[in-house]
Amino acid sequence: MMSQPWTLAEPSHFSSAEQILFAVLAILSLALFWRRFSPILRRILASKKDADFHLAPVGKRIRDFVWEVALQGKVIRQRPLPGLAHAFVFWAFCAFAVVTLNHCAALYGAGFLDPHSPVGIAYFYFAAIFALACAAGIFGLFIRRFVIRPKWLEPFSPESGVIAGLIFLLMVTYLAAFFVQPDGVAGRALWWVHALTLLAFLPIIPHTKHLHLVLSPFTVFLSRGGFSKIPPLQGDEDFGLVAGKDLTQLASLQAYSCVECGRCTEHCPANNTGKLLNPKQVILGVRAYLNEYGPQSEEALLGKHNSQKAIFECTTCGACEFQCPVGIEHLPIVIGMRRGAVNTGEWEDEHGAKLFLALERGSNALGISATERDKFIAKNALPFYDGTQEYLLWLGCMGAYDPKGREIVLSLVRVMRYLNVSFGVLRKEKCSGDPVRRLGNDLVFQQLAEANLEALAQANTRKIISICPHCVRTIQEDWKEFGTPPPVEHHSEFLARYASQLPSVPNQEKIVYHDPCYLGRYRDVYDEPRAVVAHAGQLVEAERHRERSFCCGAGGGLVFLGEETGERVSHARARELTATGADVVGAACPFCNTMFQDALAAQGPNAPRLLDIAQLAARGLPETEAGSVK
Amino acid sequence: MKIIVAIKQVPERDAPIRIAASGKWIEEADLQFAMNEPDAYALEEALQLKEKHGGEVIVVSAGPERVATTIREALAKGADRALHVVCDDLADRDALGVANLLAAAIRPENPDLVLTGLQSEDVGLGQTGVILAELLGLPHSTLILQVEKTDGGIKVKRELEAGWFQTIEMPTPAVLTIQSGGNKLRYATLMGIKKARSKELRTLNAADLAASARAVVTLEQISLPKKQKSTQILPGTGKEAATALVEKLKFEVRVL
Ligand SMILES: Cc1cc2nc3c(=O)[nH]c(=O)nc-3n(C[C@H](O)[C@H](O)[C@H](O)COP(=O)(O)OP(=O)(O)OC[C@H]3O[C@@H](n4cnc5c(N)ncnc54)[C@H](O)[C@@H]3O)c2cc1C
Ligand code: SF4
Ligand code: SF4
């Protein structure tokens, strides 16, 4: 039978020898796949259960799944060109699932898509379009990985080349079948090459990064359900991630899902400024650990496959977790290992110990006498909160003790007084516990959270406002482990609501806004501070902004840990902010502020000035007697 | 080495101090308490000696119920067991009265080394350790920054005035009063706290110890320091005034 031109050539009958040969090879291929995949599956399932895991809310999980997996939204958004190339490969695979089933079924005369029926023709053409796009995509990805070779795709992986070759072959053999006779030698040969490529592909999957084809849909769907979600410790023997026995099923699943794309490392401020930390290697280190010691091992996690030094270089900026296209959550792992090292006393660090001791005995991370806070409150006549005012103004360590932090608080106070919004401060306030939480000291964190929760409850607190994104996040999310914190908002959210009621500033300076990690990625607040900035001047953007903002270097307790190796993260960011040519850097976090003071000074005489959004908002207000600092 | 560390619980540094109605002590009702700082260094020294040479670290503290939290903290940091001498008349006892209690609790233990802080952050007498040594009939050394074990006893580094140090060798058993700053303190850990729960904390009743409370020093009155500000004009030419200022900064204010 003569085939019409441009239909898929499919041999109309196969010999029993062919049928038996294929069956044997298919079984072999599946067996090989299972032999490699089953130990991995076993290691994941044998890991500790995630005690805090809840499937609800399922709606959000489905939404994330559709966006991240089906639509490849995250992959494309974060790296548009390679992302699109990847998406076409993925979609082609989906479209191909039916083609492949039919391909194998045809061997046994059970083909369900007739290449001559309208449905068959339509579907095969549809798949052909994807095959074309996929072949082009895989070719582009191949060029990128082996010719352009961006540094985050290190180390060089020859097996990626083999995989790319196999995928390319699958597509080409499919497309070529449109140009040959179904029952000719060429048609049969194409059928076999296509089938053999498929069977060769299968066993390669489990021991390469292509395991993500199998695992990542589950990883995305089964996320922990929150950004940087730190699981509560369970029972008396849980001190965080000390050894393999502490790795949970989600942690193990994630470790095996990593596709080694290096997005996390590409955006990591520590890695970009010459530190040892490499978030991709952290995840691969956990995988290597599981391969060597297994999930129930007592062998320390920080040792052969992950380094303590690197783990304590993390600013917890969350760029890695935010970027990861396969749903890997780095922060519970990084902070988990810190907990393991700190809760058992393994971590020895002069500055770290000083911070912990200051918070064991005192009230604030700066190690200053609490009477200084009392004096600041008295001097500026800040009222005490008694349950009747609208806001409890949370000062935080920086707002209560740091000179710049105090200026920010007093600017906010001026605005609140101008707007006639009532507020009061707590008589006794302790550090929210952010630095000890991120450094993994559960003992001190619990003490601080409980003491503060009690003080807030005693004061009948209705709503909290704070100038510090770290306090906001810690109060709202992390304290939940020990009670019910009152609602809390960052001053940018408050100021944005009232911006229209503030006198405008005639002087239209260029202001570049720096997104603090704990406000942006952690809280999803991007537009409010920009509205405040736009009210006070002309908003300009730095090269990396919003979700992609680059850390100031202070987070994760690092601001208290002394010297950095390599370049200072704050200097790298200050250079980028200065390059915008802005007159002013608008900050929204007292820690960013403190980091940028020095870093901007190092940019020379043309460096922009540094102001918090509260100071920007207060610029147009009439001068008052309030506002003196100290 | 069997080491006993005497640890006192004192008001937290930030605590707002008010004089009690008696005028002889402070109002304790709404105070927060913490471990006396030099005692924390004494504990650290003991723990490090134990880590190097093995042995046992025993904590002893005299005071009311509330003292137990500080004892737990010491156990959490690594002490092996503790003795709590329960007494409610601490503020009425002079240094001899407190040392009598401690000596009675320590004597049956026959330690190789007794470490106390140099002085307490509340009354600051600097006497308790020295009197304790006398009561136990042991040699002592004060203002110690470092302790090293030798073949026959110990070698200790003492702090003298003006940046000078003295190293002396002495036999054990002995009593040492430890100065702050000789070591780096360790932080408390969750694991330590959990382990501390199962460690032995023995309570001894002050009344059962046959320790005399008779005071040889009586406290008349305590008062808050008066804030003073005084201005002094240094006369003479600029150079003379500057020289005089440097003198004052060096020898009176001692900041240079
Ligand atoms: C707890 C504590 C806190 C301190 N705080 C401070 C402080 O805040 N500021 C500060 O500047 N200093 C401080 N010091 C140091 C203190 O001022 C000196 O140690 C003290 O003044 C020395 O007096 P002493 O009686 O201990 O001297 P010792 O040297 O023991 O002398 C004792 C006495 O014996 C007699 N004596 C000794 N040798 C002879 C001799 N050769 N001939 C005749 N008589 C002799 C003398 O009468 C002498 O006064 C502190 C010391 C301690 C223990
Ligand atoms: S949180 Fe930030 S600093 Fe830490 S590993 Fe991830 S990207 Fe790097
Ligand atoms: S952890 Fe995620 S972002 Fe990082 S290399 Fe692996 S897959 Fe890519």
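## Exercises: cavities and a helix

A search of the whole structure turns up 10 cavities of 30 Å³ or more. A cavity here is a set of points, on a 1 Å grid over the protein atoms alone, where a 1.4 Å probe fits but cannot get out; lining residues have an atom within 4 Å of a point. This is a predicted model, in which totals for linings use all residues. Residues are numbered from 1 along each chain as its sequence is written.

**Exercise 1.** Work out where the largest cavity lies.

*Solution.* 
- Next, find its centre: of 22 lining residues, the closest are A:Lys48, A:Pro231, A:Leu241, A:Asp246 and A:Thr248.
- Then place it: domain 1 (16–221) and domain 2 (244–343) of chain A both give residues to the lining, so the cavity lies between them.

**Exercise 2.** Find which helix gives the most to the lining of the second largest cavity.

*Solution.* 
- This cavity holds about 140 Å³ of space.
- Of its 14 lining residues, those closest to the centre are A:Leu8, A:Ala9, A:His103, A:Ala177 and A:Trp191.
- α4, α6 and α7 of chain A (helices are DSSP runs of H or I, at least four residues) each supply at least two lining residues.
- The helix you want is α7(A), with 4 residues.

**Exercise 3.** Name what covers the buried residues of α7(A).

*Solution.* 
- Buried means under 20% relative accessible area (1.4 Å probe, protein chains only); among the buried residues of α7(A) are A:Trp191, A:Trp192 and A:Phe201.
- Their cover includes α1 (16–45), α4 (80–107), α6 (158–176) and α8 (212–221) of chain A.

Methods
Chains lettered and ligands numbered in written order. Predicted model: local features only at pLDDT ≥ 70, side-chain atom pairs only at ≥ 80, totals over all residues. Heavy atoms only, no water. Buried < 20%, exposed > 50% of the residue type's maximum accessible area, 1.4 Å probe, protein only. Contact = heavy atoms within 4.5 Å. 1 Å grid on protein atoms, 1.4 Å probe; cavity = no way out; pocket = protein on both sides within 12 Å on 5 of 7 lines; lining within 4 Å. Points joined across faces, edges and corners; volume = space filled by probe spheres on them. Domains from an automatic or database assignment.
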